Amino acid sequence: MIDKLILIVFITGTSGSGKSTLTTLLKQKLNQHTFAVHDFDENGVPPNADAAWRITTTKSWLEQAKINAQHGKSTIICGVTLPTEVMQAANSLNLPLYFGFIKINDALIR
């Protein structure tokens with residue numbers, strides 16, 4: 001018997017590149033019993049958000065992803081994240097991480 005593949009995916013990109021739209025579409029299209037899809041900022045962003053806030057928030061999402069994985073559910077998080085910060089936050093969790101990047105030119109964003 002093959003174990004179910006559990007994914008933890010961070011999708012990032014510049015502001016206006018379509019991350020929030022992608023989050024909405026993924027929530028509509030993916031089975032909610034096997035995928036949890038979140039916007040990185042869905043719990044709010046403080047006015048003084050900085051690298052420390054991003055790392056703390058990333059750790060929180062990774063902990064949620066670990067819980068989801070224990071229940072057989074993959075996790076997708078869309079938002080402005082830095083892979084180096086995600087890897088730093090995940091250092092001790094031993095989780096299978098994947099990244100997606102949305103690249104879009106400024107003219108198209110406008």
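Which order do the strands of the open sheet have, and in which sense do they pair?

Tutor: A caution to begin with: this is a predicted model. The open sheet has 4 strands in the order E2-E3-E1-E4, and the pairing is parallel. E2 and E4 stand at the edges. Each has a single partner strand, so one side of each lacks a neighbour in the sheet. From one strand to the next, the twist averages 15°.

Now take E1. E1 pairs with E3 in the parallel sense, over 4 bridges. Within that pairing, Ile11 has Cys78 of E3 as its bridge partner. E1 is joined to E4 by 6 bridges, and these two strands also run parallel. There, Thr12 has Phe101 of E4 as its bridge partner. In a regular strand, side chains alternate between the two faces of the sheet. E1 is covered on both: Ile8, Phe10 and Thr12 are buried on one side, and Val9, Ile11 and Gly13 on the other. That puts 6 of the 6 residues of E1 in the buried class.

At the start of H2, a side-chain oxygen of Asp50 comes to within 3.2 Å of the backbone nitrogen of Ala52. After the helix comes Gly72, with a positive phi near 75°. The buried residues of H2 are Trp53, Ile55, Thr57, Thr58, Trp61, Leu62, Ala65 and Asn68. Their cover includes strands E1, E2, E3 and E4, together with helix H3 (83-89).

Next, the nonpolar cores. Nonpolar side chains tend to be buried together in soluble globular proteins. Here the largest nonpolar core has 14 residues. Ile8, Phe10, Phe40, Leu62, Ile77, Leu95 and Leu97 have the most contacts inside it. E1, H2 and H3 each supply at least two residues of this core. H2 gives the most, with 4 residues. Another core, of 6 residues, lies apart from the largest one; among its residues are Ile11, Leu26, Ile76 and Cys78.

Phe40 shows how these parts meet. Leaving out residues up to four places away in sequence, Phe40 touches Trp53, Arg54, Thr57, Thr58 and Trp61, among others. The list for Phe40 also includes Ile77, Cys78, Gly79, Val80 and Thr81.

Finish with Thr81. Thr81 sits in the loop between E3 and H3. Its relative accessibility is 5%, so Thr81 counts as buried. Beyond its neighbours within four places in sequence, Thr81 is in contact with Phe10, Thr12, Phe40 and Val86. Phe10 and Thr12 are on one side of E1, together with Ile8. Leu5 is 76 residues from Thr81 along the chain, and their C-alpha atoms are separated by 24 Å.

Note on methods: Residues are numbered from 1 along each chain as its sequence is written. This is a predicted model: local features need pLDDT of at least 70, side-chain atom pairs count only at pLDDT 80 or more; totals for chains, interfaces and linings use all residues. Side-chain values use heavy atoms; hydrogens and water are left out. Buried means under 20% relative accessible area, exposed over 50%, partly exposed in between (1.4 Å probe, protein chains only). Contact means heavy atoms within 4.5 Å. A polar contact is a pair of N or O atoms within 3.5 Å; within protein, one must be able to donate a hydrogen and the other to accept it, and residues adjacent in sequence count only if both atoms are side-chain atoms. Two strands pair if DSSP finds at least two bridges between them. Axes are lines fitted to C-alpha atoms, for helices over the stretch in contact, and angles run from 0 to 180 degrees between N-to-C directions. A nonpolar core is a set of buried Ala, Val, Leu, Ile, Met, Phe, Trp, Tyr and Cys residues joined through side-chain atoms within 4.5 Å.
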